[in-house]
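Q: I would like to learn how to read a structural model feature by feature. Could we begin with the charged side chains and work from there towards the interior?

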Amino acid sequence: GNTSLLGNSYSNVLIVKVNYKGDQEWTQDHTFSTTDRINSSTELPDGSFMMVGSAISSSNASKDILLLKTDQNGGIVWHQTYGTDQDEVGNAIQYLNNGNFILVGYSIDSNTDYSLINLLYVDNVGNEIWNRTYGGGTGNDYGYSIIHTTDGGYIIAGCVDDKVWIAKLDAYGEKEWDNTYSLPNYWGSNSIIQTSDGGYLYAGWRGIMKIDSSGELDRKSTR
């Protein structure tokens with residue numbers, strides 16, 4: 001997440017490690033720009049961590065995607081930023097079996113000032129391999145969650161024009177299918193997993209939804 005000192009407009013990356021009982025083991029506080037934020041993290045097989053979020057660009061006032069690798073104790077191993085003169089933010093990260101990473105978030109379209117869903121594929125030291133954007137309708141689009149599917153592709157959950165949006169991609173980020181779901185009171189898009197039957201389970205702010213392998217709605221439950 002992030003933290004700031006009382007009376008200080010700056011915010012820093014805050015990392016807290018707790019054990020299985022919730023007892024704090026260590027904390028780390030890192031600064032990369034005037035406003036830093038981590039939105040998602042994942043543990044790697046060697047016990048180190050990868051994190052994604054945003055930092056303010058050193059060349060302009062826009063947000064850049066921040067990718068951070070730490071050691072087992074939260075110390076910085078390396079970090080990278082990715083961006084243009086528009087805002088880009090990373091919301092989720094997935095570690096891949098080949099040692100690379102896939103990131104999803106959003107970026108602002110300079111032609112419309114609306115946000116696009118942004119997918120970024122990087123190698124094991126953060127070098128960009130490819131970058132894709134999706135959306136481009138009449139409103140803001142955001143990517144919130146991504147997983148690596150059993151067929152080697154990806155599934156993304158996000159929102160497009162205030163509707164839940166789920167897309168199945170191949171290994172290179174090309175769309176195989178995508179669907180929007182008009183759900184009551186705008187659910188938001190927080191998390192998605194692949195289920196044992198090849199379908200997907202989506203969880204949002206206001207409920208859960210099960211879809212099949214082609215994105216067709218199986219059932220939904222709201223709270």
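Q: How many salt bridges does the count come to here?

A: The general idea is that side chains of opposite charge can pair when their charged atoms come close. In this structure, which is a predicted model, the count comes to eight salt bridges. One of them pairs Asp 151 with Lys 168, whose closest N and O atoms are 3.1 Å apart. This pair links distant parts of the chain, since Asp 151 sits in the loop between β12 (141–148) and β13, while Lys 168 belongs to strand β14, 17 residues apart.

Q: Which residues do salt bridges with shared partners join into one network, and what is the N to O distance between Lys 175 and Asp 178?

A: The side chains of Lys 175 and Asp 178 meet in a salt bridge of 3.4 Å, N to O; Lys 175 counts as partly exposed at 44% relative accessibility, and Asp 178 is likewise partly exposed, at 32%. The network made through shared partners consists of Asp 151, Lys 168 and Glu 176.

Q: With which residues is Ile 146 in contact, leaving aside its neighbours within four places in sequence?

A: With those neighbours left aside, Ile 146 is in contact with Ala 92, Gln 94, Ile 102, Val 104, Leu 119, Tyr 154, Ile 155 and Ile 156.

Q: Where is Ser 62 found, and is Ser 62 buried or exposed?

A: Ser 62 is found in the loop between β5 (49–56) and β6 (63–70), and at 6% relative accessibility this serine counts as buried. Its side chain is joined to that of Asn 60 by a polar contact of 2.4 Å. Beyond its neighbours within four places in sequence, Ser 62 is in contact with several residues, including Ala 55, Thr 84 and Asp 87.

Q: What can be said of Lys 69 in strand β6?

A: Lys 69, which lies in strand β6, counts as buried at 17% relative accessibility. The C-alpha atoms of Lys 69 and Leu 44, 25 residues apart along the chain, are separated by 9.7 Å, and Lys 69 is in contact with Leu 44 as well as with Phe 49 and Trp 78, among others.

Q: Finally, which residues form a nonpolar patch on the surface?

A: Leu 14, Val 16 and Val 18 form such a patch, with about 200 Å² of accessible area together. Val 18 is found in strand β2 (residues 12–18) and is partly exposed, with a relative accessible area of 38%.

Notes:
Residues are numbered from 1 along each chain as its sequence is written. This is a predicted model: local features need pLDDT of at least 70, side-chain atom pairs count only at pLDDT 80 or more; totals for chains, interfaces and linings use all residues. Side-chain values use heavy atoms; hydrogens and water are left out. Contact means heavy atoms within 4.5 Å. Helices (H or I, at least four residues) and strands (E, at least two) are DSSP runs, numbered from the N terminus. Buried means under 20% relative accessible area, exposed over 50%, partly exposed in between (1.4 Å probe, protein chains only). A polar contact is a pair of N or O atoms within 3.5 Å; within protein, one must be able to donate a hydrogen and the other to accept it, and residues adjacent in sequence count only if both atoms are side-chain atoms. Patches are made of residues with over 30% relative accessible area and no salt bridge: like charges are joined within 9 Å, nonpolar side chains (Val, Leu, Ile, Met, Phe, Trp, Tyr) within 5 Å. Accessible areas come from the Shrake-Rupley method with a 1.4 Å probe; for residues, only the protein chains shown count as cover. A salt bridge is a side-chain nitrogen of Lys or Arg within 4 Å of a carboxyl oxygen of Asp or Glu.
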